[in-house]
Each structure stands twice: as structure tokens, then as C-alpha cells.
Amino acid sequence: MATKPAKKNPRLASGRKRARQNVALNAANTSLRSKYRTFVKNVEKAVAAGDKDKATEAFAKAQSVIDSVADKGIFHKNKAARDKSRLCAKIKALVKAAA
């Protein structure tokens, strides 16, 4: 994967401030994106293991994280809804298979 070329320093004070803000915002967004992926992965692991109690518990926690990430605009609200729907379908299939 090619790295991006180094950007020149902005001349204007407003540009320098914007560059500083972008670093902080990028770090915050990266952290939230990582948290999102972790919670989704926890649900998928529980489903793969066949543990419906653990899966439903993990899904309940993941829902709030998915919603908060969508509210902050890191992911589109439709992507969040789609991911929640797919996770819920996997859990329902697991429960149906167990019954």
C-alpha cells in the first residue's frame, strides 16, 4: 500500500488551526471506528460459536455503539441499520437452529 505524500504546512493561521483540528478529529474517528468493528466482531464470534445467550448480550451492547457511531456521522445511518439488521438475522437464525 502506497503512503500519501507529505502535505505542505498551511500559511494562514486558520489553515494551521484546521490542520491541528483534523489530527484530533481523525484520531477520535479512528478510535470509534475501531470500537464499532470490535463490537460487531464480538457478536459474530458468539454466533459462530453457537452461543445464543452470549450473542444476544453482545448484540445489545453493539446496538448502542453502532447507533452512536452513526449519530456522529462516522458511518451513514443506513449502513448502521443494515449492519444491525444483518447481525439480528444471524442471531435469529442461530436461535431457530437451536430450537
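At what angle do α1 and α2 pack, and how far apart are their axes? I looked that up before anything else.

**Ground rules**

I'm working with a predicted model, where local features need pLDDT of at least 70, side-chain atom pairs count only at pLDDT 80 or more, and totals for chains, interfaces and linings use all residues. Residues are numbered from 1 along each chain as its sequence is written, and side-chain values use heavy atoms, with hydrogens and water left out.

My helices are DSSP runs of H or I with at least four residues, numbered from the N terminus. I take axes as lines fitted to C-alpha atoms over the stretch in contact, and angles run from 0 to 180 degrees between N-to-C directions.

**Entry: α1 and α2**

I get an angle of about 160° for α1 and α2, with the axes 9 Å apart. The crossing of α1 past α2 is left-handed, so the near helix is turned anticlockwise from the far one by less than a right angle.

Next I listed the contact, meaning heavy atoms within 4.5 Å. From α1 I noted residues including Leu-32, Tyr-36, Phe-39 and Val-43, and from α2 residues including Ala-55, Phe-59, Val-65 and Val-69. By class, this contact has 14 nonpolar, one polar and three charged residues. For the classes, Ala, Val, Leu, Ile, Met, Phe, Trp, Tyr, Cys and Pro count as nonpolar, Asp, Glu, Lys and Arg as charged, and the others, Gly among them, as polar.

**Entry: α1 and α3**

I checked α1 (residues 13–49) against α3 (residues 77–98): their axes come within 10 Å and cross at roughly 15°. That makes α1 and α3 roughly parallel, and their crossing is left-handed. On the α1 side I found Tyr-36, Val-40, Val-43, Glu-44 and Val-47, meeting Lys-79, Asp-83, Leu-87, Lys-90, Ile-91 and Leu-94 in α3. These residues divide into seven nonpolar, no polar and four charged.

**Entry: α2 and α3**

Here I read an angle of about 175°, with the axes 10 Å apart. So α2 and α3 are roughly antiparallel. Among the residues in contact are Phe-59, Ile-66 and Asp-67 of α2 and Lys-84, Leu-87 and Cys-88 of α3. I noted 10 nonpolar, two polar and four charged residues in this contact.

**Entry: salt bridges**

Side chains of opposite charge can pair when their charged atoms come close. I counted four salt bridges, each a side-chain nitrogen of Lys or Arg within 4 Å of a carboxyl oxygen of Asp or Glu.

Asp-67 and Lys-84 meet in one of them, at 2.7 Å from N to O. This pair links distant parts of the chain, with Asp-67 in helix α2 and Lys-84 in helix α3, 17 residues apart.

Asp-83 pairs with Lys-79, the closest N and O atoms being 3.1 Å apart. Both sit in helix α3, four residues apart, about one turn of the helix. Buried or exposed? I found Asp-83 buried at 15% relative accessible area (buried is under 20%, exposed over 50%, partly exposed in between, with a 1.4 Å probe and protein chains only). Lys-79 is partly exposed at 25%.

Glu-57 bridges to Lys-61 at 3.9 Å between the closest N and O atoms. I placed both in helix α2 (residues 52–71).

Conventions: Helices (H or I, at least four residues) and strands (E, at least two) are DSSP runs, numbered from the N terminus. Angles under 35 degrees count as roughly parallel, over 145 as roughly antiparallel, 65 to 115 as roughly perpendicular and the rest as oblique.
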